[in-house]
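Q: I have a model open and some questions about it. Can we go through them one at a time?

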Amino acid sequence: MELTIGAPAHGGHCVARFGGQHGRVVFVRHALPGERVTAQITERHRGYLRADAIEIHEASPDRVEAPCRYAHPGGCGGCDLQHVHADAQLRWKTQVVREQLGRLAGLTPEDQDKVFVRTEPLPGGLLNWRTRVRYAVDALGRPGLLQHRSHEVVPIDRCLIAHPAIQELDLLSRTWPESAALQAVAAGNGDVVAFERPAGTTGSAGGDPTDEPGGAGLVRLTGPAQITEVVGDRTWETSPETFWQVHPEAAATLTAAVLQMLRPAEGEVSWDLYGGAGLFAAALATATGARTTVVESSTAGVTAARANLVDLPHVEVVQAAVETALSRRRITAPVDLIVLDPPRAGAGARVVRGIVAASPRAVAYVACDPAALARDVKTFRSLGWELAELRAFDCFPMTQHVECVALLLPA
């Protein structure tokens, strides 16, 4: 079908309509707003279609040639925006964040103009940034990445967004007939760790470079059992499976944004919910010198937090799901400051209600999914809170993903 492409939408595609202004909605990948394209349908649903732009008749001035030879319709599904100029990628993500806040959180354009300006780039450029990568392995033992919305493996010989130290490994230059997946981690201190997931073991098969390495059944192929990450003047010794931000500049950037928004004062009590290894807790505890509680459910994260925050005696680490910790009073108010850094699905209404019930002075919400953030902002607003500030960071160049930090205050 021939289509004129409309605005970008959450998910790495643009919206078009087949059959005129009120025609059927088509979500088109590999396209840009304003372009006229021939698109091939990839999925049919009752209310919409999915398609790939396979021929560009009128190109956008923001279109560039994708640097990766696997970034094309039917190719690797890991990068959504390799055909988009760097500045236009930032505008794309800004527009997506605004659309989600309007549609899901009920914020008017005027509301948004007061709190949010644009998506900010991180240093380092568009390639060679991803420090944690997962590769799938096909039936012939060839490693690669998955097609978009598919379990089909695309064998590759190089992933250009992977950290250079990961690209130098020999994972992609050989076959792995006994493996289900491969994983690699490049630590901040230069250490590189590679894992194999043997066929038949539990856990994700990988294949999406935006996934986080980890899970049971991994066999270490090379590298140390513990790695070192550095943020400011503090170091973390963690297992390679422990969650950590995948862009080399992300941890420091997000920590600075959280501190700028919360403005912690001496003596203020804080919670770091979904705290992982305690990145934000360390910053808050250092700034306040007061009781700081980390809540984390994963054993690897709890182990890392307890080991790395041992020099901060006023920090407590609670192993529990956040919802459980709040509902069963594993953590108790009063509390002044809360950092909320949930997984991609968001915190959810029960967690938001538990936070509001604790009556903190301010909440900094770190979100890797703008739709989940918008849904939770709507819940906060329904409980009498307001979105006071929002910053968005391009922690995942070449992909549709964007990281946000939101400041929520009692209205």
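A: A definition to start with: a disulfide is a pair of cysteine sulfur atoms within 2.5 Å. Keep in mind that this is a predicted model.

Q: With that cut-off, how many disulfides does the structure hold?
A: The count is 0.

Q: Is C79 buried or exposed?
A: C79 is buried, since its relative accessible area is 10% and buried means under 20%.

Q: What about C404, buried or exposed?
A: C404 is buried as well, with a relative accessible area of 0%.

Q: Switching to helices. How do helix 1 and helix 9 pack?
A: Helix 1 covers residues 86–105 and helix 9 covers residues 370–382; their axes are 8 Å apart, at an angle of about 40 degrees. That angle makes helix 1 oblique to helix 9. The crossing is right-handed.

Q: Which residues make that contact?
A: On helix 1 they are V96, V97, Q100, L101, L104 and A105. On helix 9 they are P370, A371, A374, R375, V377, K378 and R381.

Q: How do the residues of that contact divide by class?
A: In the contact of helix 1 with helix 9, 9 are nonpolar, 1 is polar and 3 are charged.

Q: Helix 8 also crosses helix 9. At what angle?
A: At roughly 40 degrees, with the axes of helix 8 (residues 349–357) and helix 9 coming within 10 Å. Helix 8 and helix 9 are therefore oblique to each other. Here too the term for the crossing is right-handed.

Q: Which residues meet there?
A: A349, V352, I355 and V356 of helix 8 meet D376, T379 and F380 of helix 9. By class, that contact has 5 nonpolar, 1 polar and 1 charged residues.

Q: What follows helix 5?
A: G289 does, and its phi is positive, near 65 degrees.

Q: Now I166. Where is it?
A: I166 sits in helix 3, residues 164–167. I166 is buried, with a relative accessible area of 3%.

Q: What does I166 touch?
A: Leaving out residues up to four places away in sequence, I166 touches R130, T131, R132, V133, Y135, A184, V185 and A186.

Q: How far is I166 from Q95?
A: They are 71 residues apart in sequence and 32 Å apart in space, C-alpha to C-alpha.

Q: Last one, S179. Where does it lie, and is it buried or exposed?
A: S179 lies in strand 10, residues 179–186. S179 is buried, at a relative accessible area of 7%.

Q: What does S179 touch?
A: Not counting residues up to four places away in sequence, S179 touches V137, E196, R197, P198 and A199. As for R142, S179 is 37 residues from it in sequence and 9.5 Å from it in space, C-alpha to C-alpha.

Technical notes:
Residues numbered from 1 in each chain as written. Predicted model: local features only at pLDDT ≥ 70, side-chain atom pairs only at ≥ 80, totals over all residues. Heavy atoms only, no water. Axes fitted to C-alpha atoms, helices over the stretch in contact; angles between N-to-C directions. Helix = DSSP H or I, 4+ residues; strand = E, 2+ residues; numbered from the N terminus. Parallel < 35°, antiparallel > 145°, perpendicular 65-115°, else oblique. Left-handed = near helix turned anticlockwise from the far one by under 90°. Contact = heavy atoms within 4.5 Å. Nonpolar A, V, L, I, M, F, W, Y, C, P; charged D, E, K, R; others polar. Buried < 20%, exposed > 50% of the residue type's maximum accessible area, 1.4 Å probe, protein only.
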